[in-house]
Amino acid sequence: MTHSAPRRALVTGASSGIGAATARELAKRGWNVVGTARRADRLERLAAETGMTAVAADLTSDDDVTRLVERVAALDGGLQALVHVAGGAIGAESVEQGLLDDWRVMYETNVLATKRLLEQVLPVLRAGATADAAGFVHADVAAVTSTAATVRYQGGGGYNAAKAGEAALLEVMRLELVGEPIRVIDIAPGLVHTDEFARVRYRGDDAAAEEVYRGVDHPLTAGDVAVTIAVALELPGHVVLNRVELRPVAQAAQHVLHRGPLAVRVEGERS
Ligand SMILES: NC(=O)c1ccc[n+]([C@@H]2O[C@H](COP(=O)([O-])OP(=O)(O)OC[C@H]3O[C@@H](n4cnc5c(N)ncnc54)[C@H](OP(=O)(O)O)[C@@H]3O)[C@@H](O)[C@H]2O)c1
């Protein structure tokens, strides 16, 4: 146990995938969780399952974010961690053929929503900073970017640009917060098999979405990312994992993905 009292986390993107898994994982570990996303029905179901508090909000709306943050700030014990998972990709067309409207949505959800949320949450995190078991008082920001933030690929233009923007924003904020005990943790996953990410990217085309994961032996799961986030948050408060890149073993790099079973090489076999 690295902290003497339960902490509270605001988890965005809690209606599906990595965000829902993170809300579950943190609740299981004794955190108080506030989960947010646009789809209230899904949040309510997760709240019934985990005991989290559900607050529906569209992170592209100033009013919604203000209402969300006011609600969290009023909770007994305040807020100790923001876990910002909401975001995503739309489309996989070339830069030449990609739709500006899709790029706009990606910039809105991955970059501007992050800025809007951080601007309002930081004062609440400062007020809520608490001591770990060694007495180190701190608060945390963990945000899920992507390996797409640093590794470009054909068809990735809009998403690469948006996630690079989000990662840059986090890095700048870490520089600007120096002197304050606020950890800024960038979680950058590679291939994660979630229900909705690829389906949203390929506009509901299930076959195209499934092709992303075809034959991959153990892509990351939402739960894998959730555990990684929880471990980063539960390290002693003075230790910060600035950037965590996690991939399935089958994905040596963005463009080096093994499809088919993983097996240790028999001695003498050629690679
Ligand atoms: N899956 C992957 O392979 C992968 C890899 C690396 C990084 N990531 C990143 O990980 C994060 C989560 O991905 P995932 O796989 O869990 O995808 P997902 O299931 O599609 O989750 C996206 C979440 O973002 C929320 N969201 C989207 N727009 C929003 C808005 N305007 N306001 C509030 N909430 C909004 C969605 O909820 P509502 O629709 O209910 O609002 C949903 O809960 C994303 O940032 C993604 O870019 C994913």
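**Cavity.** I looked up which helices line the largest cavity, and α4 (100-128) and α5 each give at least two residues to the lining. Helices here are DSSP runs (H or I, at least four residues), numbered from the N terminus. This is a predicted model, where local features need pLDDT of at least 70, side-chain atom pairs count only at pLDDT 80 or more, and totals for chains, interfaces and linings use all residues. Residues are numbered from 1 along each chain as its sequence is written, and side-chain values use heavy atoms, with hydrogens and water left out.

My search of the whole structure found one cavity of 30 Å³ or more. On a 1 Å grid over the protein atoms alone, a cavity is a set of points where a 1.4 Å probe fits but cannot get out, and a pocket is an open set with protein on both sides within 12 Å along at least five of seven lines; lining residues have an atom within 4 Å of a point. A volume is the space filled by probe spheres set on the points, which are joined across faces, edges and corners. The largest cavity holds about 70 Å³. Its lining counts 17 residues, with Ile90, Gly91, Trp103, Met106 and Gly158 closest to the centre.

I noted about 260 Å³ for the second largest pocket. Ser15, Ser16, Gly17, Ala20 and Arg42 are the closest to its centre, out of 16 lining residues. The elements giving two or more residues to that lining are α1 (17-28) and α2 (40-50).

**Ligand.** Which residues come nearest to the ligand? I found Ser15, Ser16, Arg38, Tyr159 and Thr194, out of 28 around it (a heavy atom within 4 Å). α1 and α5 (157-176) each supply at least two residues of this shell.

Next I checked polar contacts (pairs of N or O atoms within 3.5 Å). A polar side-chain atom of Ser15 sits 2.8 Å from a ligand oxygen, and a side-chain N or O atom of Thr194 is 2.7 Å from an oxygen of the ligand.

**Salt bridges.** How many did I find in the whole structure? The search gave 20, each a side-chain nitrogen of Lys or Arg within 4 Å of a carboxyl oxygen of Asp or Glu. Lys28 and Glu25 form a salt bridge through their side chains (3.4 Å, N to O). They are three residues apart in helix α1, so about one helical turn separates them.

Methods: A polar contact is a pair of N or O atoms within 3.5 Å; within protein, one must be able to donate a hydrogen and the other to accept it, and residues adjacent in sequence count only if both atoms are side-chain atoms.
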